[in-house]
Amino acid sequence: MKKVRSNIGYSYWKKANKIIPGGNSILSKRPERYLGKLWPTYYKKAKGCFLWDLQGKKYIDMAQMGIGSAILGYSNDKINFAVKNAIKDGVNTTLNSLEEYNLAKKLLKINKGFGGVKFCRSGGEAMDVAIRIARSFTRKQKIAFSGYHGWFDWYLATNLKNKANLNDHLLEGLSPTGVYNGLKNSIHPFKYDDPDDLIRTIKKNKDIGIVVVESARYNYPNRDFVNTINKICNKRNIILICDEITSGFRINNSGAYKSVGFKPQIVVFGKGLGNGFAISAVVGKSKIMKNSIGSFISSSNWSERLGFVAALSTIDFIQKKKVWKHLNDMGKLISKGWKDIFKELNLNISVSNFYPLVTMKPNYGQFNNVILTYFMQDMLRKGYIVSSSIYLSYAHDKRICLDYLKEARKTFMKISDLIKQNRLKRELRTEIRTDSFQRL
Ligand SMILES: Cc1ncc(COP(=O)(O)O)c(C=O)c1O
């Protein structure tokens, strides 16, 4: 590996690690997942789909966009205007802000057939609240799940039984260290899009009262999977929770569950709901939500005003501009562009078909991360922040996407040549990226 100096942002990261264990509060922003010492790591300013690092260098974000929260683009003028006005009038007082009620009404309007809403700040918190509400309603306590749902004990507990249980659900190698051992048999995984696996899981654990799924992530679920979940939940009085924290607002004006056909009793939103301002929501059927009054669920900052204001403004924007259409059009363009490049260069890289969060997956085993590291390294040099997936936002216009594809093609041409010459790994100027929680 050629020797290069660390980026200044990465030097701060090293210092931060000494006083913030793990460097920050979210795995997905750790530089080791991207380019390690070459990664800008910190930003000074963000607007639309552009980012400026600590030294003022400008990049185009064709990657995570605030881990999916900046659905309209960074620092959107309309949302900022509403939020700034709210700041002037005070954000957390002895009394409640009416925007909380207005947002609840809005969420019930776009989620027909539901009757109650609870608010939190992060996605993981909202999922924890959803599980508590569901548990307090159903007499059966156990959970079957598929997908990623945050860091809370109810979820990580599945790895107490088998430390590989979460490996098929977005993040590998998550450690349940610190999770109460008594939760060991309380939660059981099933594979996404595999109705037989769900049936097996339910048959083996007759006391399952809650099923949790992500409505969509890499691909849309097949009909059989959707129908099986709906049927089993209905027949056995199981509460179905659709986690829309990532999928929400990306394929229609609300949850993806509506388009793919899930019939949930509880739906959970986060991320894009506030376009980067912290707000999440649990939307549930009347009788379940009414019953939740009996369970103590309360937090001072959950009634803070900015999240509600940002969410009202964001939903309004999404509806007026039909933002999901734009996300899908741009994602389709990228998806087709990637597929054409990989075909032309004979590269074995698959592309997902969930367009608003389009994802590529190299099929080269151990070598996958060498390919992705080189891709990020070469694109960064050209001013692009990239990864294996792109959360499209309203700020990514056609020109930006086409320019990105042009540059991505040039980079993949180099990758293809370097693979043929067996030189790709030698061209890396930083550590090979890793998704692993353990190594970080
Ligand atoms: C589907 C899903 N559920 C839950 C979460 C957790 O949300 P947060 O990171 O806001 O706590 C995420 C975050 O990536 C997610 O994608």
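**Sheet, loops and ligand shell in a predicted model**

Q: What is the strand order of the open sheet of four strands?
A: Happy to start here, with the note that this model is predicted. The open sheet has four strands and mixed pairing. Its order is β1-β2-β3-β13.

Q: Which strands stand at the edges of this sheet?
A: An edge strand has a single partner, so one side of it is left without a neighbour in the sheet. That holds for β1 and β13 (384-386).

Q: Is T41 buried or exposed?
A: T41 sits in the loop between α1 (8-19) and β1 (43-47). Its phi is positive, about 65 degrees, although T41 is not a glycine. Most residues other than glycine have a negative phi. A residue with 20 or more other C-beta atoms within 10 Å is buried; T41 has 26, so T41 is buried.

Q: How many C-beta neighbours does K271 have inside 10 Å?
A: K271 also has a positive phi, near 35 degrees, and lies in the loop between β9 (266-269) and β10 (280-284). K271 counts as buried because its C-beta neighbours inside 10 Å number 27.

Q: Which helix gives the most to the shell around the ligand?
A: The ligand is surrounded by 13 residues, and G123 and G124 are among the closest. By class, the shell has three nonpolar, eight polar and two charged residues. The helix that gives the most, with three residues from its span 123-137, is α4.

Technical notes
Residues are numbered from 1 along each chain as its sequence is written. This is a predicted model: local features need pLDDT of at least 70, side-chain atom pairs count only at pLDDT 80 or more; totals for chains, interfaces and linings use all residues. A residue is near a molecule or strand if its C-beta atom, placed from the backbone, lies within 6 Å of it. Helices (H or I, at least four residues) and strands (E, at least two) are DSSP runs, numbered from the N terminus. Ala, Val, Leu, Ile, Met, Phe, Trp, Tyr, Cys and Pro count as nonpolar, Asp, Glu, Lys and Arg as charged, and the others, Gly among them, as polar. A residue is buried if 20 or more other C-beta atoms lie within 10 Å of its own, exposed if 12 or fewer, and partly exposed in between; C-beta atoms are placed from the backbone. Two strands pair if DSSP finds at least two bridges between them.
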